[in-house]
Amino acid sequence: MTFYSHPFTASAAQKSDSAFDDLTASLNADRPHPTEDALVQLGRALMTELVDVISNTALEDYQTTLGEALIGAFHSAAGRIERDADRARDTMRSLDRDFDGSEAADTELQEATAKARAGDAATRACELIRDAASQTWTVATGEVWTAWRGSRRGTHLTAAQLEAKQAIRAIRSRKAGEADPGGPVIAFRGAPTADTAVDASRIFDALNWAKQEWPDMALATTGAKGAEKLAIKWAQQKGVKLILARADFDAHRKAAPFRANDDLIALEPSCCLTLAHSVDRDRSGDPRPFGPALNLGQKATEHGLRHMPIRARSA
């Protein structure tokens, strides 16, 4: 199978809209909300300032930790505010169920509704700052931030992230007649050393091919460095849903990358793509194939799933 490349098009995340501004305008709040553009600029400015201050200093050795902490802070804040809004919605449902028509009940219901809607706007604001900081981080360092816990919901149509166990539960629920995580799943494992421009080109070729075959695909990977980080960048560019099956080294130690493959297989992917080693002929020091990628291909075959290894272009 030869994978043909296709030029990137602007993702939905790059197209401006006024969804946040429309949301805040509908609240009729006493105080104005920041605009979407202002929040995006804030996220960019915060990350730019951090990178500028620590570059070429002793703190540069801790750049990844500091950058991820800044982005993660807004991700955590969004989650906390969203939980508060969810509690307000629970109150709304309770009040609506027991509504007696009194003025006191009506006032209480209005207050709960206003709190939930205000919480939704604040959650959205945190997500806008988070995603702008994350994009600036990737441009400045080449690294990709992903949430370690919970799900990451894109602020527009950016790559939504689901923990693999959540997605697996959803697929099992689908078999009982409930909702699935949406669209066919394409699993990918790649070598950490496959991180050159040549590798990126072949990975993007393969993923573009997959998206042509399954336009509503979700990409499932472990989020490991190298090839899989490149795949995550592609998903962010394309607005493709991302499912992360994290390797749990605390629980499984050396077996963690292979146990993560079990989670990927449990998602019942339509196709498993693997890149066992760098395809860059100029790269030396990568003589052995990446075991977890070979393992995923083997497990796909054992389960009767389609497996497509990614190889170098023919000379």
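Modeller: Helix 7 covers residues 227-238, and its 12 residues should span 16 Å at 1.5 Å a residue, which agrees with the 17 Å between its end C-alpha atoms; the expected span is 1.5 Å times one less than the number of residues. Helices here are DSSP runs of H or I with at least four residues, strands are runs of E with at least two, and both are numbered from the N terminus. This is a predicted model, in which local features need pLDDT of at least 70 and side-chain atom pairs count only at pLDDT 80 or more, while totals for chains, interfaces and linings use all residues. Residues are numbered from 1 along each chain as its sequence is written, and side-chain values use heavy atoms, with hydrogens and water left out.

Within helix 7, the buried residues are Ala227, Glu228, Leu230, Ala231, Ile232, Trp234 and Ala235, where buried means under 20% relative accessible area, exposed over 50% and partly exposed in between, using a 1.4 Å probe and protein chains only. These buried residues pack against strand 2 (185-190), strand 3 (218-221), strand 4 (241-244) and strand 5 (271-275), as well as against helix 6 (197-213). Just after helix 7 comes Gly239, which takes a positive phi of about 70°.

As for helix 6, its axis and that of helix 7 come within 10 Å and cross at roughly 50°, with axes taken as lines fitted to C-alpha atoms, for helices over the stretch in contact, and angles running from 0 to 180 degrees between N-to-C directions. That makes helix 6 oblique to helix 7, since angles under 35 degrees count as roughly parallel, over 145 as roughly antiparallel, 65 to 115 as roughly perpendicular and the rest as oblique. On the side of helix 6 the contact (heavy atoms within 4.5 Å) is made by Ala200, Ile203, Phe204, Leu207, Asn208 and Lys211, and on the side of helix 7 by Ala227, Leu230, Ala231, Trp234 and Lys238.

A search of the whole structure finds one aromatic pair. Its rings belong to Trp209 and Trp214, and the pair is edge-to-face because the planes stand at 90°, with the centres 5.8 Å apart; rings of Phe, Tyr and Trp (its six-membered ring) pair if their centres lie within 6.5 Å, and planes under 30 degrees apart count as stacked, over 60 as edge-to-face and the rest as tilted. Trp209 counts as buried at 8% relative accessibility, and Trp214 is buried with a relative accessible area of 16%.
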